[in-house]
Amino acid sequence: MSRAEAGPASLYHRVVVYLLFAILVLPLIGTFVYSIASSWSATILPAGFTVKWYVQLWSDPRFLIAFGQSLLVCVGALVLSVVLILPLLFVVHYHFPRLDALMNILILLPFAVPPVVSSVGLLQLYGSGPMAMVGTPWILIGCYFTVALPFMYRAITNNLQAINLRDLMDASQLLGASTWQAAILVVLPNLRKGLMVALLLSFSFLFGEFVFANILVGTRYETLQVYLNNMRNSSGHFTSAVVISYFFFVLVLTCKKATPAPRCSVISTARSPRANSSPCSARLVAASPPCCAVSPA
């Protein structure tokens with residue numbers, strides 16, 4: 001493409017990107033301005049600005065309890081997801097790669113049933129009897145686990161396919177590492193980025209979940225979204241402060257500074273027979289970037 005053609009195309013792409021960015025940002029700006037307005041009804045601009053809505057919000061014990069309970073449930077569901085999904089993915093991709101197609105179908109089943117339908121069934125199943133959990137955080141942790149499952153599975157699966165799991169395991173075992181040492185010292189560090197993406201994406205989704213929390217626990221274990229729904233009849237400035245506080249928290253949590261990609265290099269492991277046979281030499285592979293080649297020459 002010539003420079004004469006690239007100029008208009010580049011301008012068009014920038015206009016489209018800036019327009020989409022404005023569509024996404026303008027509602028947030030309007031909500032933020034409304035949350036710091038003392039009064040804004042029949043005028044184009046607010047009558048004044050104040051932070052009393054934020055002071056009132058963050059001094060409300062009910063809001064702080066709901067915020068903490070949302071964090072507790074989300075973190076509990078994510079910890080359960082990591083503990084169960086990471087070993088499962090390792091076994092499937094290393095020992096039974098043919099099961100990946102079946103797992104891709106099973107992992108999407110939580111999205112096949114609407115949350116309202118699932119909630120009605122869970123109310124019938126866990127509403128009474130020896131396993132009565134309705135109104136407790138335990139049923140929310142279980143529900144949130146199923147919601148986070150597809151996000152966790154797909155992100156970590158893509159990372160496993162990118163690092164070439166079998167080659168990493170074979171190289172680590174040639175260096176003297178056992179299967180457990182290779183999985184912990186070599187594979188797990190290479191899954192750090194995929195795991196972080198899965199955790200942040202799942203957390204931002206779970207932190208804003210409302211249907212399960214409202215139907216299964218309601219005010220008996222009030223989460224942030226249930227609190228926001230219960231406060232909808234209060235001042236609009238106050239609820240706007242709740243929305244902006246929620247958005248700002250998720251934004252700060254999920255924002256990460258961009259780091260430059262590591263330079264790829266070929267690492268030779270032929271230093272000494274003793275080094276090659278030592279299990280600790282498997283850390284040489286773990287310390288290298290995923291894109292780097294390990295030469296056993």
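Axes are lines fitted to C-alpha atoms, for helices over the stretch in contact, and the angles between their N-to-C directions run from 0 to 180 degrees. Two packed helices are described by the angle between their axes and by the distance between the axes. The structure is a predicted model, in which local features need pLDDT of at least 70 and side-chain atom pairs count only at pLDDT 80 or more, whereas totals for chains, interfaces and linings use all residues. Residues are numbered from 1 along each chain as its sequence is written, and side-chain values use heavy atoms, with hydrogens and water left out.

The protein chain has 15 helices and two strands, where helices (H or I, at least four residues) and strands (E, at least two) are DSSP runs numbered from the N terminus. Of the 297 residues of the protein chain, 36% count as buried; buried means under 20% relative accessible area, exposed means over 50%, and partly exposed lies in between, as computed with a 1.4 Å probe on protein chains only. Contact means heavy atoms within 4.5 Å, and among contacts in the protein chain between residues at least 6 apart in sequence, 73% join residues at least 24 apart.

The residues of the contact of α3 with α7 divide into 21 nonpolar, five polar and no charged, where Ala, Val, Leu, Ile, Met, Phe, Trp, Tyr, Cys and Pro count as nonpolar, Asp, Glu, Lys and Arg as charged, and the others, Gly among them, as polar.

A148 lies in helix α7 and, at 0% relative accessibility, counts as buried. The C-alpha atoms of A148 and A77 are separated by 7.9 Å, although these residues are 71 residues apart along the chain. When neighbours within four places in sequence are left aside, A148 is in contact with L78, S81, S202 and L206.

Beyond α7, N164 is found in the loop between α7 and α8 (165–174). N164 has a positive phi of about 60° although it is not a glycine, and at 39% relative accessibility N164 counts as partly exposed.

H93, which is found in helix α3, is buried, with a relative accessible area of 16%. Apart from its neighbours within four places in sequence, H93 is in contact with D100, Y153, T157, L160, Q161, L165 and R166.

Helix α3 also holds R62, which is partly exposed, with a relative accessible area of 36%. The structure holds one salt bridge, defined as a side-chain nitrogen of Lys or Arg within 4 Å of a carboxyl oxygen of Asp or Glu. This salt bridge is formed by E222 with R62, the closest N and O atoms being 2.8 Å apart. Because E222 lies in the loop between α11 (211–217) and α12 (224–230) while R62 lies in helix α3, the pair ties together parts that are 160 residues apart in sequence. E222 is buried, with a relative accessible area of 8%. With neighbours within four places in sequence left aside, R62 is in contact with E222, Y227, N230 and M231.

Helix α10 (residues 192–206) and helix α13 (residues 236–254) pack at an angle of about 175°, with their axes 10 Å apart, and are therefore roughly antiparallel to each other. Their contact is made by L200, F203 and S204 of α10 together with Y246, F249, V250, L253 and T254 of α13, and these residues divide into six nonpolar, two polar and no charged.

Technical notes
Parallel < 35°, antiparallel > 145°, perpendicular 65-115°, else oblique.
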